[in-house]
Amino acid sequence: MVRVTLEPTIMSCPTKELPKVPVDMKNELTNFDVKKMKHTEVQEKINLPSMQDVAQEKAQTAVIKGVEEFSKESLKHSETREENILPDKDVIKQEKEINDRSSKLKEGIAGFNPSQLKPTETQEKNTLPTVEVIEQEKKVGA
């Protein structure tokens, strides 16, 4: 065991650089009685991880270590089969019908003639409440 003793050292500092302390504060600090202070017990709180946290961290470490130390030589060679499944005649026919319908719809929208529309008049109906309704609402709200 090595013992180390620390000795307090006083750092030299020019008095011009020291902050100015008011006289009444100096007197209060020099006359302060430490015995007037209340004794308190220091409680050190050390939060240790739970067993579940430790187990979870070990599992994560094991996974990372397994990935880092993985050997490619342990892999087996495999052949990839690529199958190109082409649609049959019925599926092609259905897709063609859908495309024809959508193209007809687009042609109908593009060739639309707005002059064929019938003229209409818009009637705005904004009914305001009557005096009786307003009075009833005031009474219910009060």
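This is a predicted model: local features need pLDDT of at least 70, side-chain atom pairs count only at pLDDT 80 or more; totals for chains, interfaces and linings use all residues.

Colleague: What is the mean pLDDT of the protein?

Modeller: The mean is 84. A pLDDT of 70 or more is reached by 89% of the residues.

Colleague: And which element has the lowest mean pLDDT, and which the highest?

Modeller: α1 is lowest, with a mean of 86. α2 is highest, at 94.

Colleague: Okay, burial. What share of the 142 residues is buried?

Modeller: Buried residues make up 0% of the protein. The accessible surface is about 16600 Å². Carbon and sulfur atoms account for 56% of that surface.

Colleague: Take α3. How many of its 22 residues are buried?

Modeller: The number is 0, so α3 lies largely in the open.

Colleague: What span should α3 have, and how far apart are its end C-alpha atoms?

Modeller: At 1.5 Å a residue, α3 should span 32 Å. The end C-alpha atoms are 31 Å apart, which agrees.

Colleague: Switching to charges. How many salt bridges does the structure hold?

Modeller: There is 1 salt bridge. The side chains of Glu-83 and Arg-81 form a salt bridge, at 3.0 Å from N to O.

Colleague: Are Glu-83 and Arg-81 buried or exposed?

Modeller: Glu-83 has a relative accessible area of 58%, so this residue counts as exposed. Arg-81 is at 71% and is exposed as well. The cut-off for exposed is over 50%.

Colleague: Why would such side chains pair at all?

Modeller: Side chains of opposite charge can pair when their charged atoms come close.

Colleague: Now Glu-79. Where is that residue found?

Modeller: Glu-79 sits in the loop between α2 (51-68) and α3 (89-110). Its relative accessible area is 68%, so Glu-79 is exposed.

Colleague: Which side chain does Glu-79 make a polar contact with?

Modeller: The partner is the side chain of His-77, at 3.2 Å.

Colleague: And Glu-41, where is the place of that one?

Modeller: Glu-41 is in the loop between α1 and α2. With a relative accessible area of 65%, Glu-41 is exposed. The side chain of Glu-41 has a polar contact with the side chain of His-39, at 3.1 Å.

Colleague: Last topic, nonpolar surface. Which residues form a nonpolar patch?

Modeller: Val-21, Met-25 and Leu-29 do. Together they have about 280 Å² of accessible area.

Colleague: Where is the place of Val-21?

Modeller: Val-21 is in the segment before α1 (23-30). Its relative accessibility is 35%, so Val-21 counts as partly exposed.

Colleague: Thanks, that covers my list.

Conventions. Residues are numbered from 1 along each chain as its sequence is written. Side-chain values use heavy atoms; hydrogens and water are left out. Helices (H or I, at least four residues) and strands (E, at least two) are DSSP runs, numbered from the N terminus. Buried means under 20% relative accessible area, exposed over 50%, partly exposed in between (1.4 Å probe, protein chains only). A polar contact is a pair of N or O atoms within 3.5 Å; within protein, one must be able to donate a hydrogen and the other to accept it, and residues adjacent in sequence count only if both atoms are side-chain atoms. Patches are made of residues with over 30% relative accessible area and no salt bridge: like charges are joined within 9 Å, nonpolar side chains (Val, Leu, Ile, Met, Phe, Trp, Tyr) within 5 Å. Accessible areas come from the Shrake-Rupley method with a 1.4 Å probe; for residues, only the protein chains shown count as cover. A salt bridge is a side-chain nitrogen of Lys or Arg within 4 Å of a carboxyl oxygen of Asp or Glu. The expected span of a helix is 1.5 Å times one less than its number of residues. pLDDT is the predictor's confidence in each residue, from 0 to 100.
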